[in-house]
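Hi there,

Here is the structure I promised to pass on. Have a look at it first, and then read my notes below.

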Number of protein chains: 2
Amino acid sequence: MDLSVKKSKNSKQKNLILKILRSTHSHPTAQWIFENARKELPNISLGTVYRNLSNLKKEGKIRELIMGADFSRFDGDLRNHDHIQCTACGKVDDVPFIFFPIPMEQVAQATGYQVFRRRLKFFGTCPECDNQTTKI
Amino acid sequence: MDLSVKKSKNSKQKNLILKILRSTHSHPTAQWIFENARKELPNISLGTVYRNLSNLKKEGKIRELIMGADFSRFDGDLRNHDHIQCTACGKVDDVPFIFFPIPMEQVAQATGYQVFRRRLKFFGTCPECDNQTTKI
DNA sequence: CTAACTGCAAAGTTTTTGCAATTGC
DNA sequence: GCAATTGCAAAAACTTTGCAGTTAG
């Protein structure tokens with residue numbers, strides 16, 4: 001059987017979307033990507049953005065996050081890193097890679113699962129929101 | 001300023017929803033909760049389910065997960081535990097609490113955030129899906 | 001060439017909201 | 001009582017899909 005998926009064309013839309021994703025660490029939503037993409041390609045459609053995000057995900061070039069109580073966010077940085085979300089403004093930032101030794105065997109034993117991956121997410125308040133506690 | 005939020009009535013709908021959530025570890029979706037709730041209260045509406053989930057979350061009685069590429073899932077168990085999701089069937093299970101020492105100060109230093117909480121999620125295949133690898 | 005991709009618009013899903021009636025405290 | 005909650009239905013928010021035309025390899 002053929003396990004290699006990849007079979008996809010280049011298109012300016014797709015390349016632009018990837019470029020946008022890689023130019024930020026802010027984990028944008030599909031809508032945000034769309035708005036930024038149309039600055040360069042005014043005719044691009046939201047459907048195309050969603051289709052390309054889906055393809056890029058299948059090809060392993062990006063990662064879908066969906067981490068909080070809102071819509072999907074995408075990550076163009078595939079290096080090992082974790083995430084932190086501000087509970088005040090909802091922003092998601094990268095946590096540069098820190099090695100956390102997590103004994104996955106214990107998890108496998110406790111659950112009966114075969115464990116492949118882990119994902120670690122932190123919650124807190126970002127510097128901006130911290131300073132605005134008294135405002136408004 | 002008054003930081004205590006809570007001010008909420010009891011209603012049979014709300015109590016039922018909480019009871020359902022606490023009776024399972026399967027992290028149901030709003031739709032699933034709705035379907036089960038209407039077995040006991042046939043006239044309950046989906047809107048009421050969503051409103052109560054939102055209130056219960058505000059009151060800190062449940063937790064919204066939203067962990068994968070689909071719709072929200074809710075957790076009625078607030079004891080410390082982590083989650084594992086099967087990448088084959090999508091099911092989410094609890095990982096009974098295991099102490100993972102994670103140095104949150106390092107995260108705070110690296111990001112500038114005030115860090116409150118962490119959430120750890122594992123991915124793998126559940127025993128059922130493991131055994132079905134060759135079927136179909 | 002032709003399979004994949006595009007823009008557009010319509011449809012699908014999940015969640016929220018407005019309103020009049022009901023209910024808990 | 002009166003504010004909070006409910007059922008219902010309509011609307012909003014996010015995502016997917018059908019189609020006919022365009023494009024990359």
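In the contact between the two chains, 42 residues come from chain A and 41 residues from chain B. Please keep in mind that this is a predicted model.

How much area is buried between chain B and chain A? It is about 3400 Å², and carbon and sulfur atoms give 66% of that. The size of an interface is often given as the accessible area lost when the parts come together.

On the side of chain B that touches chain A, several elements each supply at least two residues, including strand S3 (82–86), helix H4 (104–111) and helix H5 (127–131). The most comes from S5(B), which gives 12 residues. Sorted by type, the residues on this side of chain B are 22 nonpolar, nine polar and 10 charged.

Strand S5 of chain A (residues 114–125) is joined to S5(B) by 11 bridges, and the two strands run antiparallel. To see how they line up, look for Arg118(A), which stands opposite Phe122(B).

Is Asp94(B) buried or exposed? It counts as buried because its relative accessibility is 13%, under the 20% cut-off. The side chain of Asp94(B) also makes a polar contact, at 3.4 Å, with the side chain of His83(B).

Enjoy exploring!

Conventions: Residues are numbered from 1 along each chain as its sequence is written. Chains are lettered from A and ligands numbered from 1 in the order in which they are written. This is a predicted model: local features need pLDDT of at least 70, side-chain atom pairs count only at pLDDT 80 or more; totals for chains, interfaces and linings use all residues. Side-chain values use heavy atoms; hydrogens and water are left out. Contact means heavy atoms within 4.5 Å. Buried area is the accessible area (1.4 Å probe) that two parts lose on being put together, summed over both. Helices (H or I, at least four residues) and strands (E, at least two) are DSSP runs, numbered from the N terminus. Ala, Val, Leu, Ile, Met, Phe, Trp, Tyr, Cys and Pro count as nonpolar, Asp, Glu, Lys and Arg as charged, and the others, Gly among them, as polar. Two strands pair if DSSP finds at least two bridges between them. Buried means under 20% relative accessible area, exposed over 50%, partly exposed in between (1.4 Å probe, protein chains only). A polar contact is a pair of N or O atoms within 3.5 Å; within protein, one must be able to donate a hydrogen and the other to accept it, and residues adjacent in sequence count only if both atoms are side-chain atoms.
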